[in-house]
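Student: I have a structure to read. Can we go through what its labels rest on?

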Amino acid sequence: MAEAELSAWMQAHVAGFQGPLTMTRLAGGQSNPTWRVEAASGRYVLRQKPVGKVLPSAHQVDREYRVMKALGATDVPVPRMLALCEDESVMGSMFFVMEYLEGRTLWDPRLPAMTPAERGAVFEAMNDAIAKISLVDPVAVGLGDYGRQGGYVERQISRWSKQYRASETVSIPSMDALIDWLPQAMPTTPEEVRIAHGDFRLDNLLFHPTEPRVLGVLDWELSTLGDPYADFAYNVMVWRIVPGIFRGLGGVDLAALGIPTESDYIDLWCAKTGRERPENFDFYIILSLFRIAAIVQGIAKRAQDGTANDPKAAEMGKVAGPLADIAWGMVKR
């Protein structure tokens, strides 16, 4: 790691920075390597595009930087952006630097260490964060050109079908079936255009160290302009996933844990955003399960090719099939 080069670059581009610095790789950031930078002037977070060959349209850290910088002017909780480096000679790939937030990442949505009241408050805070995102007018914050206007669901089906085919390592019949079914089942109502996070889930939020409060929504690499129902459904799919497959709430005694039901959680978001729940909301959840299956399949492919960042990548790739099976099970019901 070229710490001297990075230190010189930060001295020139990050206000108030003083070296020397040291770097520590952070957990998470499965797709884009994420580092904690410790320097004489304080702590920072650096998020980097993977070095080497990557799938087209993936790992665009410059887009992450742009969307979080724009949202810094809204009530959406995001870290403060400090600088973007597009010069690959500094670190071997493009990266950005943001403020370091001291907080908690909650990996298991069952929140095992909490009381029922604490769990309910965490889910309320998560719902509030996704509601705030889906209320932002992209044009008002300078993101009117951040993606195409409309046609988001159709493009998602096309994009993730292609990404899945590009990273296919084994045959998954339910993925093949979903690739055929999704284009035929698309909603026909006109789409509202809002900022779509693209990967909004509990473990992509940074919570206050002791309070049930979201300090920062992280991991914006899949963000674009999109349909707020589709973006929210990705957050809701956790209720459909059995904990043994992935971090999910399927089959869990929600009442005993103090966690809202899927229906109550959807109603809360609708109340916060002034939207009606569409009759075919399940379609959006099925699409979300398909997307996450395609994403973890991409991780499996990177593990096979030896370019994955996480040592658990190969293991993670094995859940693509079970996730697709849940989605196809919903279609058949």
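Student: What makes Arg165 partly exposed?

Tutor: Its relative accessibility is 38%. Buried means under 20% relative accessible area, exposed over 50%, and partly exposed in between, with a 1.4 Å probe and protein chains only. The value of 38% lies in between, so Arg165 counts as partly exposed.

Tutor: Keep the source in mind. This is a predicted model: local features need pLDDT of at least 70, side-chain atom pairs count only at pLDDT 80 or more, and totals for chains, interfaces and linings use all residues. Residues are numbered from 1 along each chain as its sequence is written, and side-chain values use heavy atoms, with hydrogens and water left out.

Student: Why is the contact of Arg165 with Asp176 called a salt bridge?

Tutor: A salt bridge needs a side-chain nitrogen of Lys or Arg within 4 Å of a carboxyl oxygen of Asp or Glu. Here the closest N and O atoms are 2.9 Å apart.

Student: Which parts does the pair tie together?

Tutor: Arg165 lies in helix 4, and Asp176 in helix 5 (residues 173-185). These parts are eleven residues apart in sequence. Helices (H or I, at least four residues) and strands (E, at least two) are DSSP runs, numbered from the N terminus.

Student: How exposed is Asp176?

Tutor: Its relative accessible area is 25%, so Asp176 is partly exposed.

Student: What makes Asp145 and Arg66 a salt bridge?

Tutor: Their N to O distance is 2.5 Å. That too is within 4 Å, so the pair qualifies. Asp145 sits in the loop between helix 3 (116-133) and helix 4 (152-166), while Arg66 is in helix 2 (residues 61-71). The two are 79 residues apart.

Student: Is Asp145 buried or exposed?

Tutor: Exposed, because its relative accessible area of 57% is over 50%. Arg66 has 31%, so Arg66 is partly exposed.

Student: Where do Asp219 and Arg47 lie, as a salt bridge pair?

Tutor: Their closest N and O atoms are 3.0 Å apart. Asp219 is in the loop between strand 8 (214-217) and strand 9 (224-226), and Arg47 is in strand 3 (residues 42-48). They are 172 residues apart. Both Asp219 and Arg47 are buried.

Student: How many salt bridges does the whole structure have?

Tutor: The search finds 22.

Student: Why is Cys85 called buried?

Tutor: Its relative accessible area is 2%, which is under 20%, so Cys85 is buried. Cys270, with 8%, is buried too.
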